[in-house]
Amino acid sequence: MTVTATDHVKLTMAQALNRALRDAMAADPAVVVFGEDVGALGGVFRITDGLTAEFGEDRCFDTPLAESGIVGVAVGMAMNGMRPVVEMQFDAFAYPAFEQIVSHVAKMRNRTRGRVTLPMVIRVPYAGGIGGVEHHCDSSEAYYAHTPGLHVVAPATPADAYGLLREAIASDDPVIFLEPKKLYWSKEEVELGAEVPGIGTAVVRRAGTDATLIAYGPSVPVALEAAEVAAGEGRSLQVVDLRSIVPFDDETVCAAVRSTGRAVVVAEAAGFASVSSEIVARVTERCFHALAAPIRRVTGFDIPYPPPKLEHFQLPGVDRVLDAVDDLQWEDS
Amino acid sequence: MLIDPHGNAVDASGYAAPDGPALLRAFAALVTARRLNDQAYALVRQGRLAVYPSSHGQEACQVAAAQVLADGDWLFPTYRDTIAAVGRGVDPVEALSLLKGDWHCGYDPYEHNVAPHATPLATQLPHAVGVAHAARLRGEPTVVLALCGDGGTSEGDFHEALNFAAVLRAPVVFFVQNNEYAISVPLARQTAAPSLAHKGIGYGVPGERVDGNDAAALLTVLGAAVERARAGGGPQLIEAHTYRMQAHTNADDATRYRRDDEVAAWVERDPITRLEAHLRERGLLDDAQLADITAQAEHVATHLRDGLNRDVEPDPAMLFDHVYASPTPQLTEQAALVADELDREGALR
């Protein structure tokens, strides 16, 4: 990615994503944006606000309400020289496109021995915490992460949202871009055009020496808050933000866990057969002798996502994270 | 219908028959198509192909689909459309890669603008719309011909693709080969629509039915749809009525769901004998020409046989090479594991 001029602005994650789309469209005429309500309305979360006005209806357009069609058309456009960025309106609304994603988006490069590549991004507003009704709050990352051929990314900050989306659009591989809905309105100073670590790179968000919290997407602020509370109680927690689920940054994660010897994975998705189980397995395989205690997980329960009034029971909160940290067999050390 | 089953010209007002050279070209392609279908079927029995869904009986559709397209146009085939892909210039040995049991489609889709054949049903149709829409946005004259069968018209992607194409006015011709059966399920159990061409009505896509065993009618109808799409007229849906003369694949037993006399009735309507009779009647084909055409078909069949009889040792390392532009660290580890296993196996030998 070649973005040289830097520009400091205070942006919400939603605004940062909008800027990333706009800057990518300005930089490359092959970038096209489409999906449901992304035109005049600017998307239900306003991520595509103003793009049709600025770039015209050929570059940002509303489509019929059919997710498999949206993704399938994006496959064809990507086969024919374009870089489509499509929006699935909500996590659970992406399921009609599942066959296209698994059987074609993920496999086209392989089944053509690299001749047909699909430089496309599927943006998915995902996860809960906004009081959404059913089918609007799913954490669907495991379905995608389990599918070879896809990159799966989940930013946790406005700066990463901007940088990772630019990276995703520039990537020659298809990227599932998971946008934590509850962080759309979080705000920070963003240095547009600054080099951010690429897809496949995790970062340590907070230094700490006693235990490592591993989080991604919507769980990162929870982990950071837990670390802040723990610091007040005299315990130093390190926070790793994965940023990218696939490729997975074993190196950064394992180095972090080795440095503390204890870890808790925090994720909103149901815990059974999940990304969090994969993290525990791989870190345990690699860092067994550095661990002072089994790695704990704080995840969503294995239930359909609950209604708004009950969702706080489902979401990993600071207290549950700190309880899990307390269980890391400190008496033995 | 422009030529009846006995080879006689039929007067169909508003439809001009293709000229002699176009018909002769189609006939030569039909003879090669039948020879390739039979050769591929034999290669399955010899264990050289894993499976072959034959287009025996449907060759006129295959040939016409390839012949009506211009250079730069795209073809989106299904697994039963090997012959159409070959008609666009794809080497038959490469075209059969997936059916041989390989992990890749064999050919470079950009060399002849032929998409890798789709195994899931109708999922290639939205891709066809996307290719056409991208071309249209750039002002290119590309037309996309997207193939599917009668069973495929029940899949959601068929309907989504028609709707998208209509809304986007994408230059796509959807060409349905209605061969009466989706594996064992007859058309009457597939749809209650008066015809498959009717399915375009709900989307504002004009539909047309054509005799799928009449190469002349197919060339005319498909050719008009392609040129209409190229001129900006939008998508069209063409249903060709034909018949799958053989079982779904070699693994299928058609005697469990259809009667021999039904099959026999379709022998009478064979697309090749019909066109041959017509060309001879018009003095456009004689024995010497037929001998040349047959020899050429034999040559292509020999090429296919030789190609598939060649044993190429698959390299397991390649399974990791094209999953991503550059392998993830995890794939690099896994590839190293396989390489290590192979090394140890080699050392034991």
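Visitor: How far apart are the centres of domain 1 and domain 2 of chain A?
Guide: In this predicted model, the centres of domain 1 of chain A and domain 2 of chain A, taken over C-alpha atoms, are separated by 27 Å. Domain 1 of chain A runs over residues 8–192 and domain 2 over residues 203–332.

Visitor: And how many residues make the contact between them?
Guide: Domain 1 of chain A brings 24 residues to the contact, and domain 2 of chain A brings 22 residues. On the side of domain 1 of chain A that touches domain 2 of chain A, at least two residues each come from helix 6 (141–145), strand 6 (151–153), helix 7 (158–170) and strand 7 (175–180) of chain A.

Visitor: What classes of residue are on that side of domain 1?
Guide: The side of domain 1 of chain A that touches domain 2 of chain A divides into 14 nonpolar, six polar and four charged residues.

Visitor: What does UniProt list for residues 11–186 of chain A?
Guide: An unreviewed UniProt entry lists those residues of chain A as "domain: Transketolase-like pyrimidine-binding". In the model, the span 11–186 of chain A is 36% helix and 17% strand, and its end C-alpha atoms lie 8 Å apart.

Visitor: How much of chain A is buried?
Guide: Buried residues account for 56% of the 333 residues in chain A. As for its contacts, among those between residues at least 6 apart in sequence, 79% join residues at least 24 apart.

Visitor: Let's take one residue, then: why does A:Leu237 count as buried?
Guide: A:Leu237 has 26 other C-beta atoms within 10 Å, and a residue is called buried if that count is 20 or more. A:Leu237 belongs to strand 11 (residues 237–241) of chain A.

Visitor: Which residues does A:Leu237 touch?
Guide: Leaving aside residues up to four places away in sequence, A:Leu237 touches A:Gly208, A:Asp210, A:Ala211, A:Leu213, A:Ala226, A:Ala227, A:Ala230 and A:Val325.

Visitor: Which residues other than glycine have a positive phi?
Guide: Among them are A:Arg113, with phi near 50 degrees, and A:Gln329, with phi near 55 degrees. Most residues other than glycine have a negative phi, and most peptide bonds are trans. A:Arg113 is in the loop between helix 5 (108–111) and strand 5 (121–126) of chain A, and with 18 C-beta neighbours inside 10 Å it counts as partly exposed. A:Gln329 lies in the segment after helix 12 (318–326) of chain A and is also partly exposed, with 13 other C-beta atoms within 10 Å.

Visitor: Where is the cis peptide bond?
Guide: A cis peptide bond joins A:Val246 and A:Pro247, with omega about -5 degrees. A:Pro247 is in the loop between strand 12 (244–246) and helix 9 (250–260) of chain A.

Visitor: Now chain B: how many of its residues are in contact with chain A?
Guide: There are 32 residues of chain B in contact with 36 residues of chain A. On the chain B side, two or more residues each come from helix 6 (109–112), helix 7 (124–137), helix 8 (156–168) and helix 14 of chain B, and helix 7 of chain B gives the largest share, 10 residues. By class, the side of chain B that touches chain A has 19 nonpolar, 10 polar and three charged residues.

Visitor: What about helix 14 of chain B, how many of its residues are buried?
Guide: The count of buried residues among the 20 residues of helix 14 of chain B is zero, so that helix is hardly covered. Helix 14 (residues 329–348) of chain B reaches 29 Å from its first C-alpha to its last, close to the 28 Å expected at 1.5 Å a residue.

Technical notes: Residues are numbered from 1 along each chain as its sequence is written. Chains are lettered from A and ligands numbered from 1 in the order in which they are written. This is a predicted model: local features need pLDDT of at least 70, side-chain atom pairs count only at pLDDT 80 or more; totals for chains, interfaces and linings use all residues. UniProt positions are given in the numbering used here, feature names are shortened, and annotations may be inferred rather than shown by experiment. Helices (H or I, at least four residues) and strands (E, at least two) are DSSP runs, numbered from the N terminus. The expected span of a helix is 1.5 Å times one less than its number of residues. A residue is buried if 20 or more other C-beta atoms lie within 10 Å of its own, exposed if 12 or fewer, and partly exposed in between; C-beta atoms are placed from the backbone. Domain bounds come from an automatic or database domain assignment. Two residues are in contact if their C-beta atoms, placed from the backbone, lie within 7 Å. Ala, Val, Leu, Ile, Met, Phe, Trp, Tyr, Cys and Pro count as nonpolar, Asp, Glu, Lys and Arg as charged, and the others, Gly among them, as polar.
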